[in-house]
Structures are given as C-alpha cells and as structure tokens.
Amino acid sequence: MKLHVPFALQELAKRIPSLYVVGGYVRNAVWRGDIAGTDVDVCGPLTPDEVRSALWDTHYLVLDVNPRIGTVLIKTPDGEYEYTTFRYDSYPIGGAHTPAEVRFVRTIEEDAGRRDFRMNAIYLSAATGEVVDPTGGVADIANRLVRTTRAPSLVFGEDGLRILRLVRFACEMGFAPDAETFETARNMRSQLEDISTERKTAEMERIMLSDTRYGEENAPVKGLQLLQALGCFPLLGLPDKEADLSACGRLPAVLSWRLVALLRALGVEDIRCLVGKGMRFPNYLVKEVSRLLGATRAPDENQPWLWMVEHAADIEAACIIWRAEGNGAYADLVEGEQALLKEKGVPWNYHGLPVTPEQIKEILPPHFVGEALTYLVVEGARRRVALSDEQCLLALAEFKELKKC
Ligand code: ATP
Ligand code: MG
C-alpha cells in the first residue's frame with residue numbers, strides 16, 4: 001500500500017533517513033483518505049542529537065520537547081512536526097503513564113510495541129510513501145475495530161489512560177473494541193486510579209464532544225455508554241448507575257450543556273461532587289454547570305415567574321437542555337411566562353425598573369440597595385405588572401417596614 005506524502009515531508013526525508021509518519025495522520029489517511037484536523041507525528045531511528053546534526057546547516061529549527069523520551073519539534077517553513085525517536089518504554093508497576101525507563105531502538109517493529117492501538121501504529125515512509133503495518137492496523141480499520149498493539153493486559157497495565165483513549169477513538173470514529181480488548185479494559189479499569197485528574201478530564205471532554213471530530217453521529221452517547229459498560233464511571237467520580245444518556249446526543253456541542261445533561265441523567269445535583277474524585281474541570285466551567293444545574297431544576301408550575309427572576313439569563317440554555325431530555329413541558333411553561341411578561345412589559349431584572357439604585361439610596365441604607373432591587377423585580381413579576389414610579393415607592397416602603405431599616 002502506498003499513500004501520498006506532502007512535499008515538505010518528502011524534503012525533510014532527504015535529510016533524515018528512515019523518516020516515517022505515524023499516528024493520527026496515517027490512521028486517518030488509511031481510514032478515509034482525509035487528514036484534515038490531525039497533527040503530523042513523525043518518527044525514525046535517529047536520536048534528537050542526530051536529528052539536530054542532520055539539520056544543522058538548514059533553515060529548519062529543531063526545538064527540544066522532551067529529550068528524555070526522544071521528542072523534538074521540527075519547524076519548517078511549511079509546517080511543524082513532532083519527531084519522536086523509535087523507542088521502547090518500560091513502565092513501573094501500576095498504570096502511572098510515565099515510563100520508568102526509555103530505550104531508543106532502531107526498528108519499527110520495536111517502536112510499534114510501545115504504542116497503544118494497532119491503527120495508531122501504522123507507519124508511512126516519508127521518502128517513498130510506502131505503508132509499513134507491523135501489527136495489522138490497516139485490517140483493524142477495515143473492520144472498524146480498536147485493538148491493542150500487544151496483549152491488552154500489557155498495554156493497559158502500563159498506562160491506564162489508554163482505557164479512556166480506547167473509548168475516545170472508538171466513539172470519535174464509530175469503531176468498537178474487540179471482545180478481548182473490551183473485557184481486559186473492563187477488568188483493568190482500576191488502572192485509571194493512577195491517572196491524574198487533568199488527563200482524565202481532557203479525555204472526557206474529548207469524548208463529550210466526540211461528534212465534532214469526524215462528524216460521527218451520536219458519538220458522545222456511544223462513548224458514554226462504552227465508559228459505563230466498562231465500569232469506568234466511578235473512576236471519573238460519576239455514579240455507577242443505569243441511566244438514559246441519550247439527551248447528550250441531542251444537544252449541540254456545548255460542553256457545559258452536555259455535562260449538565262449527563263449529571264442530571266445520573267442524578268448528580270452538584271458538579272463539585274466530582275472534584276477530587278475523578279475529574280477536575282476549570283473554574284469557569286464548574287460555575288457555568290452549577291448555574292445551569294440550578295436553572296434546569298423543575299420550575300414551579302404555580303409561580304413560573306419565580307424561575308424567570310432567578311434564572312432569566314439561562315432561559316435559552318435551560319429550554320434547550322429540557323427539550324433534549326424530553327422535558328419540553330418545562331420549556332413551554334418558562335417560555336410562556338417569558339412571553340407573558342414581555343407582552344405586559346414586566347421586567348425580570350432590575351434594568352427594566354423605573355427606579356435607579358441611586359434613587360433607592362436616598363430612601364434606604366446603601367447596603368440594602370441590591371436586596372431592594374430584587375424585591376421590586378419579584379413584586380412586579382409576581383403581580384405580573386410593570387410597576388409604576390408610585391408603585392415602586394409603595395413597594396419600597398413595604399420593604400423598609402419588612403426589614404426595619
Ligand atoms: P489524534 O488524531 O487525536 O491526534 P493520534 O493517534 O495522533 O490521534 P496523539 O495523542 O497525537 O494521537 O499521539 C500520537 C501517537 O502516539 C498515537 O497515534 C500513538 O501511536 C502514540 N500514543 C499517544 N499517546 C499514547 C499513549 N498514552 N500510549 C501509547 N501510545 C500513545
Ligand atoms: Mg496526533
């Protein structure tokens with residue numbers, strides 16, 4: 001089998017003997033002939049120092065990435081390539097990901113053994129376009145299978161993150177693990193305990209947005225179902241329970257919305273429950289998901305205006321999430337209330353009130369202003385009338401009385 005090699009890589013191959021492209025670029029070229037959106041990982045038997053000497057009199061730049069494991073970045077006018085020396089890694093006991101010992105090797109066959117999946121260990125000669133496939137990755141792609149390069153117990157035993165990579169590749173591409181890979185990943189899922197929350201979270205985010213990678217339909221739901229079937233939820237801080245996770249697949253690719261749908265399906269009321277247990281999301285995301293978890297609780301049918309005042313900023317997101325879940329009645333209720341308040345000109349936040357904070361300060365002590373504004377908004381929404389100046393003053397008098405201020 002032969003594949004096209006971009007001109008810049010052919011040029012680089014004139015300087016670096018036995019230069020191969022490997023990983024996502026070759027996998028995707030074999031899979032669908034389309035290499036868009038994939039970085040170009042290259043490799044060969046030369047060590048970083050040997051690469052540097054091979055390129056010393058050219059305009060290519062060679063920057064250190066991780067000299068210990070033989071990785072450098074080669075910058076050319078036409079692109080950047082991460083170069084990794086052929087190597088074999090040996091790992092300490094436990095799935096900690098960091099190799100205890102790295103040994104540079106000279107052959108593709110030896111290098112393939114340290115890679116995770118057969119489809120990720122297909123080598124494309126940059127000089128000739130010839131495909132070298134030491135583990136049978138091309139056949140796996142044809143059969144839509146994800147299989148480990150060596151015995152799955154060895155591959156997952158070395159690095160537990162590979163269990164999440166298995167799920168991610170499977171759902172992104174619409175592939176499935178073969179029975180042995182699946183069973184072993186399931187039995188060895190506790191290897192994920194040794195993986196940092198940051199790395200687990202990064203893979204989880206990619207699984208949640210996996211349909212955006214190659215347009216595979218319903219990919220996030222399939223990924224979540226596979227995670228669940230592998231028993232990985234508790235290792236990510238999620239409850240291990242049967243749940244309908246299909247809402248995620250009906251939502252647009254907005255991570256916070258999909259997380260909200262997942263947590264709601266699993267009955268998790270507070271995203272902070274996950275912190276420290278399995279995943280660690282950035283603060284902005286935790287805040288947004290917390291807010292939306294609050295907003296998507298069932299609105300009170302008898303006083304929907306209360307929901308409007310509390311969650312008006314999230315009306316669009318909440319309605320989209322509810323509809324994806326099949327809770328369209330909540331969305332109808334809230335949107336109906338919004339239309340009613342709009343029609344009557346009733347504001348659901350203090351910007352629409354006829355009094356300003358400055359005016360309120362003349363009547364009340366300054367530290368009561370915020371609370372008084374909320375009181376006016378709630379009063380207007382509850383009565384479903386746009387309060388006049390006069391009604392505002394009366395309501396403020398009531399507030400003053402209530403607070404004894
Ligand atoms: P993508 O298109 O998502 O970038 P990729 O296969 O190129 O997919 P990378 O994370 O860029 O994935 O890694 C490049 C290659 O390095 C992989 O194809 C695989 O051969 C190897 N690799 C990366 N991470 C691991 C790992 N944790 N264990 C074993 N091999 C790995
Ligand atoms: Mg890559």
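Trainee: How much space lies in the largest pocket?

Mentor: About 1000 Å³. The model is predicted, so local features need pLDDT of at least 70 and side-chain atom pairs pLDDT 80 or more, while totals for chains, interfaces and linings use all residues. Residues are numbered from 1 along each chain, ligands from 1 in the order written, and side-chain values use heavy atoms, without hydrogens and water.

Trainee: What makes a set of grid points a pocket?

Mentor: On a 1 Å grid over the protein atoms alone, a pocket is an open set with protein on both sides within 12 Å along at least five of seven lines. Lining residues have an atom within 4 Å of a point. There are 39 here, and among the closest to the centre are Asp 41 and Glu 82. H7 (161-173) gives the most, 5 residues.

Trainee: Why is Asp 39 called exposed, and Asp 41 partly exposed?

Mentor: With a 1.4 Å probe and protein chains only, buried means under 20% relative accessible area, exposed over 50%, partly exposed in between. Asp 39 has 52%, therefore it is exposed; Asp 41, at 24%, is therefore partly exposed.

Trainee: How do you know that S3 and S4 pair?

Mentor: Pairing needs at least two bridges found by DSSP. S3 and S4 have 5, in the antiparallel sense.

Definitions and conventions
Helix = DSSP H or I, 4+ residues; strand = E, 2+ residues; numbered from the N terminus. 1 Å grid on protein atoms, 1.4 Å probe; cavity = no way out; pocket = protein on both sides within 12 Å on 5 of 7 lines; lining within 4 Å. Points joined across faces, edges and corners; volume = space filled by probe spheres on them.
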